Amino acid sequence: MRKYCFVIAVVASFLSACSTSPVLELKNELALARKDASILIKRLDVKKFVGEIPVGKVPVVTDEKGNAIPSQIDDLDRDGSWDELALVCDFEANEVKKMGLSFVVTDEAPKYTVRTNVRLGLGNKEDGFVGVDQAVSPVGFVGIPLSYQAESVSWENDVMGFRDYFDCRNAKDLFGKLAPEMIMDKIGTKESGSYHILSDWGMDVLHVGPSLGSGGLAMFHNDSLYRLGSTDKFEFQLITKGPVRSIFELKSSGWHVDGGNLNAVETITVWAGKYWFQSDVLVSGLSHEAELATGIVTSYLKEKKPFSFSANDKFEAVATHDIQSLNNDYLAMGILLPSASKVRTGDAPLLSDEVTNGSRYNQPVGQTHFVTQKISNNTIATHYFFAAWEKENKKWAEQENFENLMKNQAEELGSPIIVSIK
């Protein structure tokens with residue numbers, strides 16, 4: 001993985017370079033203002049307009065005043081050459097921006113505020129943890145004794161944080177954040193205190209138990225949910241992390257579903273400023289079209305039931321909204337998925353205390369509202385998991401505001417910023 005971080009600065013040389021460099025035209029085709037719109041430009045597209053990419057230099061995007069726009073370049077296939085230029089930028093409704101694209105040597109590149117992060121720390125609480133880019137969870141590992149920082153692979157941006165238990169549970173959990181700084185490198189350490197107690201940065205706001213938590217995965221087959229949990233191999237691989245986005249993979253092999261033997265790769269992407277992460281799931285070993293399930297824990301719902309709605313003409317949404325956080329305030333969670341891929345919604349059964357307090361190994365899925373989508377062998381199925389906490393912003397106490405968030409994001413996902421280089 002190669003990553004370049006830049007300091008926001010107006011540099012005289014940029015102004016000079018922009019006058020002779022290609023011009024990026026970025027167009028928001030929506031009649032909606034967009035905050036932190038995510039933009040991707042393939043290396044090949046840059047190359048078409050600038051010719052050969054300068055060796056030893058990195059691209060810098062600047063606005064019409066010469067201000068550097070937060071960006072990063074990512075080597076997605078880890079071959080030593082970057083593949084995509086990623087940036088985030090605010091837009092007014094129907095706005096067209098013209099930006100400069102120049103190249104500078106790495107040492108002279110600006111650094112940006114880091115707004116996304118991924119963390120897997122190995123070690124123990126007494127001696128500390130060391131962050132790694134790759135690891136394999138031992139077969140049958142139930143999370144005890146503690147070997148991984150906060151038991152999990154954790155990821156965050158400046159508004160929310162998540163984690164996936166790096167053991168046979170393989171369920172997802174949720175951190176509410178009260179500060180934009182990256183915190184996942186510190187939580188779960190001896191110095192940080194309990195993340196179950198509200199602190200200046202926020203807290204773990206979700207009770208997961210035997211559920212799929214905040215977006216855990218299962219296969220729905222013959223009226224049963226088969227958790228993506230106790231597999232023959234469970235591996236973490238970091239792809240990239242940087243100021244505007246982070247990407248990693250969770251790779252499982254030996255996922256036994258009713259006699260079948262499947263492999264799965266979940267690629268998770270988190271962008272700066274978004275109340276969601278993207279999950280791209282690839283399953284191999286399927287002999288026919290199947291139903292991939294993802295779910296939301298329901299055990300702390302009090303008065304309100306899970307609900308579904310059409311986010312726009314391309315996306316369907318499933319969500320919960322209630323006083324269900326561990327801080328006893330409003331917490332909203334939702335799953336957005338392409339309408340054409342949705343099959344069904346359902347509820348996993350309530351489980352007895354004997355089951356929920358038993359072994360974590362091969363624990364059945366319970367206390368979960370789930371949605372399934374079609375998935376075919378070696379074909380990616382995509383969904384987006386949303387979360388918003390009242391403590392972070394009081395507007396999330398209103399269900400209507402959370403629904404509007406999901407609807408607006410559906411519009412944005414269905415209408416990416418149009419990029420041309422002139």
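The following dialogue works through several features of a predicted model.

Q: Which domains does the assignment give for the chain?
A: The domain assignment divides the chain into domain 1 (23-112) and domain 2 (116-414). Their C-alpha centres lie 30 Å apart, and the contact takes 22 residues from domain 1 and 17 residues from domain 2.

Q: What area is buried between domain 1 and domain 2?
A: Buried area is the accessible area that two parts lose on being put together, summed over both. Here the area is about 1400 Å², and carbon and sulfur atoms give 56% of that. Asp36, Gln72 and Arg78 supply 32% of the area that domain 1 buries against domain 2, more than any other three residues.

Q: How many salt bridges does the rule find across this interface?
A: The rule finds three salt bridges across the interface of domain 1 and domain 2. As for individual pairs in the model, the side chains of Arg245 and Glu84 meet in a salt bridge, at 2.6 Å from N to O.

Q: What is the strand order of the open sheet of five strands?
A: The order is β7-β11-β12-β13-β14, with antiparallel pairing. The edge strands, β7 (116-119) and β14 (202-204), each pair on one side only. Within the sheet, five bridges join β11 (residues 152-157) to β12 (residues 160-165), and Ser154 stands opposite Arg163 in β12.

Key:
Residues numbered from 1 in each chain as written. Predicted model: local features only at pLDDT ≥ 70, side-chain atom pairs only at ≥ 80, totals over all residues. Heavy atoms only, no water. Pairing = 2+ DSSP bridges. Helix = DSSP H or I, 4+ residues; strand = E, 2+ residues; numbered from the N terminus. Domains from an automatic or database assignment. Contact = heavy atoms within 4.5 Å. Buried area = accessible area lost by both parts, 1.4 Å probe. Salt bridge = Lys/Arg side-chain N within 4 Å of Asp/Glu carboxyl O.
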